[in-house]
Amino acid sequence: IKGLMYGDDPKQGVVEGRNFTHPDLGLAFQAPNGFFMINGTRAVAISGQSGKGEFTGGSYDGNLETYVRSAFAGLSQQGQPAITPQAIERTTVNGIPAAYGTARVQSGSGQVDVVVFAYEFAKDKAFHFMTVAQAGQASVFSPMFSSMRRISGNEASAIKARRIDVVTVKSGDTLQSLAARMAYSDAALERFLVLNGLTASSRLSAGDKVKIGTY
């Protein structure tokens with residue numbers, strides 16, 4: 001067990017609180033306040049009480065407007081009306097060429113605004129957010145859209161995988177003190193408990209072996 005990778009593989013990007021960084025793709029962004037992210041192999045899911053979305057990539061031919069329309073087209077299920085944006089706007093985010101569109105759609109819970117916000121990272125490489133929020137509330141994702149940025153080579157190389165370490169409980173150690181050694185800035189205690197199959201009322205004894213996730 002000792003030395004096994006724990007948590008996100010940097011090759012697929014790393015979630016740290018509200019921040020997502022992908023060293024191989026050379027990008028980073030931040031989810032809005034009150035939202036959390038789950039990193040998958042093909043997309044990053046972004047969820048909160050006021051909306052949801054995902055970040056992913058797709059085939060790109062050098063035309064951002066075509067890319068945005070294609071992302072919208074992929075949202076329509078067979079037999080349903082096509083989802084098309086009202087208009088596509090061009091902009092620049094932290095020096096990155098970008099384009100976005102919004103479509104108002106009727107859902108089971110009322111009208112929602114669907115936004116596709118795309119970024120050109122190279123002539124053959126683009127990525128995009130797709131977000132859904134109640135009609136008129138799409139701006140909750142605006143800080144995330146504007147947070148997209150390129151990262152430097154030094155920043156990318158500094159991202160390392162977390163590994164499992166097995167430590168021996170010493171006299172005076174507590175769940176909290178051991179959890180503080182986890183290499184996480186959020187939910188360290190909860191992660192420690194899950195990793196070790198413990199609960200908040202569990203008792204530790206000197207000599208016990210526990211796992212922590214560290215660098």
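My notes follow, topic by topic.

**Ground rules**

I'm working with a predicted model, so to speak: local features need pLDDT of at least 70, side-chain atom pairs count only at pLDDT 80 or more, and totals for chains, interfaces and linings use all residues. Residues are numbered from 1 along each chain as its sequence is written, and side-chain values use heavy atoms, with hydrogens and water left out.

**Entry 1: the largest pocket**

I looked up pockets first. A pocket is found on a 1 Å grid over the protein atoms alone, as an open set of points with protein on both sides within 12 Å along at least five of seven lines; a cavity is a set where a 1.4 Å probe fits but cannot get out, and lining residues have an atom within 4 Å of a point. Grid points are joined across faces, edges and corners, and a volume is the space filled by probe spheres set on the points.

The largest pocket comes out at about 260 Å³. It is lined by 15 residues, and Val14, Glu16, Asn19, Thr21 and Ile159 are the closest to its centre.

Which strands each supply at least two residues of that lining? I found strand E2 (14-16), strand E3 (19-22) and strand E4 (27-30). Strands (E, at least two residues) and helices (H or I, at least four) are DSSP runs, numbered from the N terminus. E4 has the largest share, three residues.

I sorted the lining by class too: six nonpolar, four polar and five charged residues. Nonpolar here covers Ala, Val, Leu, Ile, Met, Phe, Trp, Tyr, Cys and Pro, charged covers Asp, Glu, Lys and Arg, and the others, Gly among them, are polar.

**Entry 2: the second largest pocket**

This pocket holds about 190 Å³ of space. Of its 15 lining residues, His22, Leu25, Thr41, Arg42 and Ala43 are the closest to the centre. E3 and strand E7 (51-58) are the elements that give two or more residues, and E7 gives the most, with three.

**Entry 3: a cavity**

I counted one cavity of 30 Å³ or more. The largest cavity has a volume of about 40 Å³. I listed its lining as Tyr6, Asp8, Pro10, Val14, Lys160, Ala161 and Arg162. Four of these are nonpolar, none are polar and three are charged.

**Entry 4: the cores**

Next I checked where nonpolar side chains gather. A nonpolar core is a set of buried Ala, Val, Leu, Ile, Met, Phe, Trp, Tyr and Cys residues joined through side-chain atoms within 4.5 Å. Buried means under 20% relative accessible area, exposed means over 50%, and partly exposed is in between (1.4 Å probe, protein chains only).

The largest core has 25 residues, and Phe29, Ile46, Phe55, Tyr119, Phe129 and Met148 have the most contacts inside it. Among the elements that each supply at least two of its residues are E4, strand E6 (44-48), strand E10 (110-122) and helix H2 (142-147). E10 gives the most, with four residues.

What does phenylalanine 29 touch, leaving aside its neighbours within four places in sequence? Its contacts (heavy atoms within 4.5 Å) include Arg18, Met37, Ile46, Phe55, Phe129 and Met148.

I found an open sheet of three strands in the order E1-E13-E14, with antiparallel pairing. Two strands pair if DSSP finds at least two bridges between them. The edge strands, strand E1 (5-6) and strand E14 (209-214), each pair on one side only. E1 pairs with strand E13 (residues 162-168) over two bridges, and methionine 5 stands opposite arginine 163 in E13.

**Entry 5: positive phi**

Most residues other than glycine have a negative phi. I noted two with a positive value.

Asparagine 94 has phi near 50°. It sits in the loop between strand E8 (88-93) and E9. Is asparagine 94 buried or exposed? It counts as exposed because its relative accessibility is 53%.

Alanine 187 also has phi near 50°, in the loop between helix H4 (175-179) and helix H5 (188-196). Its relative accessible area is 38%, so alanine 187 is partly exposed.
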